[in-house]
Amino acid sequence: MGFPKNRMRRLRSSPSMRRLVRQTSVSVDGLVYPLFVREGEGIKEPIKSMTGCYHFSPDTVADEAAEVSSLGIPAVLLFGLPGRKDDIGSEAWAENGVVQRAIRQIKKATPELLVVTDVCLCEFTSHGHCGVIKDGKVDNDPTCELLAKMALSHAQAGADIVAPSDMMDGRVRYIREALEENGFENVAIMSYAAKYASAFYGPFRDAAESAPAFGDRRSYQMDPPNADEAMAEIALDIEEGADIVMVKPALAYLDIIYRARQRFNCPIAAYNVSGEYMMINAAGAEGLVDTEATMMEVLTAIKRAGADILITYFAKELAKLLS
Ligand code: PBG
């Protein structure tokens, strides 16, 4: 064995040869496209911090969702910007809240498109934290009760999957119980199980107007250096009733995705977050990298690490490219 009998370059010699031995490919099947819905009518405004992304109102988001579906993308993920915020985020579970209305409009226009909803209070609270505050800290258990109310109201409006992103302990159990007790046993939970306190969320917080007014999220989101803790978080969420578990962000956490793949049998989602998206777009706009090729390489790497589901702002672009 060895050179010259073995020449690794043989199987790289032509596009067809490379295609023949290719191990990983991205497809439209596992894609989820995030959408931002804000209070109002007839809105489609570009989001400054995120190239190619828009703020929609509940009426216009239905058209956008229909287009997403026509590209073959199976799911959208909804984030809401309410007209009114308060200290407990009560618009989050309002029957006629911005997200609840958007869900109904999308389901009416495009019933086959899966609607996933982000379940978290940070866009709805006046202080921008992901839960209720007591003595300057996010109070875990009362927050879980509100998150369960929020998830239930999304299910009542027609959501297929609820996705808690708050990182409170026990929230999956609270949500699973609320869904069971109210006849929504078939609504799936995709938990942001291993969600890190990441600097890569910068552009999103601008888009979602959800930056914390004081302090940071480090007492609830995970500390980036830790890997074993992510396995513990994922195991707990599965035990509490999560159907799909997520690792977030994706690119700086490929090792976490890989470890989770080795260890757990349920579908694994990876969130290619706003900062990762804009890093490529910004470098592309500067002429430093080829945006499309870089996007492909990164999304393929996330799949290669073991993700089944890719949540990405590139979803539409990728779907167009693949068709
Ligand atoms: C809400 C939430 C955030 C993101 C998704 N859900 C922001 C945060 O935790 O501060 C980030 C998504 C992105 O950066 O693309 N808690």
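A polar contact is a pair of N or O atoms within 3.5 Å; within protein, one must be able to donate a hydrogen and the other to accept it, and residues adjacent in sequence count only if both atoms are side-chain atoms. In this structure, a polar side-chain atom of Arg205 lies 2.6 Å from an oxygen atom of the ligand.

The model is predicted: local features need pLDDT of at least 70, side-chain atom pairs count only at pLDDT 80 or more, and totals for chains, interfaces and linings use all residues. Residues are numbered from 1 along each chain as its sequence is written, and side-chain values use heavy atoms, with hydrogens and water left out.

Stay with the ligand. Around it are 18 residues, each with a heavy atom within 4 Å of it. Lys195, Arg205, Lys248, Ser274 and Tyr313 come nearest. Arg217 places a polar side-chain atom 3.0 Å from an oxygen atom of the ligand. Ser165 faces a nitrogen atom of the ligand instead, at 3.4 Å from an N or O atom in the Ser165 side chain.

Lys248 also has a backbone feature. The peptide bond joining Lys248 and Pro249 is cis, with omega about -10 degrees. Pro249 sits in the loop between strand 10 (244–248) and helix 8 (254–263). Helices (H or I, at least four residues) and strands (E, at least two) are DSSP runs, numbered from the N terminus. Another cis bond runs from Phe3 to Pro4, with omega near 10 degrees. Pro4 belongs to the segment before helix 1 (15–20).

Met167 lies in the loop between strand 8 (161–164) and helix 5. Its phi is near 70 degrees, a positive value in a residue other than glycine.

Now the helix packing. Helix 4 (residues 140–157) and helix 5 (residues 171–181) pack at about 40 degrees, with axes 8 Å apart. Axes are lines fitted to C-alpha atoms, for helices over the stretch in contact, and angles run from 0 to 180 degrees between N-to-C directions. In helix 4, the residues meeting helix 5 include Leu147, Ala148 and Ala151. Tyr174 and Ile175 are among their partners in helix 5. This contact of helix 4 with helix 5 has 10 nonpolar, no polar and 3 charged residues.

Helix 2 (residues 58–70) and helix 3 (residues 98–109) form another pair: their axes come within 8 Å and cross at roughly 40 degrees. Helix 2 and helix 3 are therefore oblique to each other.

Key:
Angles under 35 degrees count as roughly parallel, over 145 as roughly antiparallel, 65 to 115 as roughly perpendicular and the rest as oblique. Contact means heavy atoms within 4.5 Å. Ala, Val, Leu, Ile, Met, Phe, Trp, Tyr, Cys and Pro count as nonpolar, Asp, Glu, Lys and Arg as charged, and the others, Gly among them, as polar.
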